[in-house]
Amino acid sequence: LSFKWYRADRIRRDEEAARVEAELNTLRWQISPHFLLNTLNNIYALTAFDTPKAQESIQELSKMLRHILYDNQQPTVPIANEVEFMENYIQLMRIRLPKSVEINAQFSILNPQLEVAPMLFISLIENAFKHGVSPTEPSFIHISIEADEQQMICDIQNSNHPKAANDHSGHGIGLQQVQRRLDLAYPGRYTWQRHISDDGKIYQSKITLT
């Protein structure tokens, strides 16, 4: 009886592990087209009024494709690869935004080989650029990622310029995927704090992995 119970329990755990891995793979595949669509839309907007910047944006996108096509399909990647990807994305966004938008990105990585789930933070950065930039009001985006052997912290603050009520672009899919990936890849090992300042002008999103 003990042997049968042990065998059944092991089969159940193996099946659960396979189910979790399959769902993670599905989520990773969903992120890539969602991210590419948003990026290509940004480049398309540039072609209408600034061809040189559009060409520069395509070059930046090409640097990111390897990460999307290959690294994103792995369960984890070195944090250095992820940082390079985020830096390329931020540079791409700098190209299309006016210089009046304050963009500050700081990366403090103690061990570049520290492993992290790929493209975990990019949806938060996308969200900051989507809701943190106004064509008429002062805007800023501050991105900070710190990592040591004990924990990894992604802290993003931006000016808060919510979309109009009739704007349903995105539907928050990216952030829903982040939540589910955190639940599956870091169960009991993460916190995700989201906060809008009392005056409604600043939004903060902070993920801590342990």
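Reader: Taking helices (H or I, at least four residues) and strands (E, at least two) as DSSP runs numbered from the N terminus, where does Gln74 lie?
Author: Gln74 belongs to the loop between α2 and β1 (77-78). The model is predicted, so to speak of local features requires pLDDT of at least 70 and side-chain atom pairs count only at pLDDT 80 or more, whereas totals for chains, interfaces and linings use all residues. Residues are numbered from 1 along each chain as its sequence is written, and side-chain values use heavy atoms, with hydrogens and water left out.

Reader: Let us step back. How many helices and strands does the protein have?
Author: There are five helices and seven strands. From the N terminus on, they run α-α-β-α-β-β-α-β-β-α-β-β.

Reader: In what order do the strands of the open sheet stand?
Author: Five strands form this sheet in the order β2-β4-β5-β7-β6, with mixed pairing; two strands pair if DSSP finds at least two bridges between them. β2 (102-109) and β6 (190-196) are at the edges with a single partner strand each, so one side of each has no neighbour in the sheet. From one strand to the next the twist averages 5 degrees. Such angles run from 0 to 180 degrees between N-to-C directions, the axes being lines fitted to C-alpha atoms, for helices over the stretch in contact.

Reader: How many bridges join β5 to β7?
Author: Eight bridges connect β5 (residues 152-159) with β7 (residues 202-209), and the two strands run antiparallel. Within this pairing, Ser159 stands opposite Ile202, and Ile156 has Ser205 as its bridge partner.

Reader: What about β6 and β7; in which sense do they pair?
Author: The sense is antiparallel, over seven bridges, and Ile196 has Tyr203 in β7 as its bridge partner. The two strands form a hairpin with five residues between them, where Gly200 in the turn has a positive phi of about 75 degrees.

Reader: Which strands does helix α3 lie across?
Author: Helix α3 (residues 79-96) lies across β2, β4 (140-147) and β5, and runs at about 170 degrees to β2. Helix α4 (residues 122-131) also packs on the sheet, touching β2, β4, β5, β6 and β7, and its direction makes about 10 degrees with that of β5. Contact here means heavy atoms within 4.5 Å.

Reader: Turning to rings, how many aromatic pairs does a search of the whole structure find?
Author: The search finds one. Tyr89 and Phe129 are arranged edge-to-face, at 6.0 Å centre to centre and 80 degrees between the planes. The pair links distant parts of the chain, Tyr89 in helix α3 and Phe129 in helix α4, 40 residues apart. Tyr89 is buried at 3% relative accessible area, and Phe129 is buried at 6%. The criterion for rings of Phe, Tyr and Trp (its six-membered ring) is centres within 6.5 Å; planes under 30 degrees apart count as stacked, over 60 as edge-to-face and the rest as tilted.

Reader: Where does Arg194 lie relative to Trp192?
Author: Arg194 lies over the face of Trp192, at 3.7 Å from the ring centre. A charge sits over a ring if NZ of Lys or CZ of Arg is within 6 Å of the ring centre and within 35 degrees of the ring normal.

Reader: Which residues touch the most other members of the largest nonpolar core?
Author: Of its 42 residues, these are Phe121, Ile125, Phe129 and Leu209. A nonpolar core is a set of buried Ala, Val, Leu, Ile, Met, Phe, Trp, Tyr and Cys residues joined through side-chain atoms within 4.5 Å. The largest share, eight residues, comes from α3.

Reader: What does Ile125 touch?
Author: Leaving aside residues up to four places away in sequence, Ile125 touches Met86, Tyr89, Ile90, Ile143 and Ile156.

Reader: One last item: what is the phi of Met119?
Author: Met119 has a positive phi of about 55 degrees although it is not a glycine. Met119 is in the loop between β3 (115-116) and α4, and is buried at 1% relative accessibility.

How values were computed:
Buried < 20%, exposed > 50% of the residue type's maximum accessible area, 1.4 Å probe, protein only.
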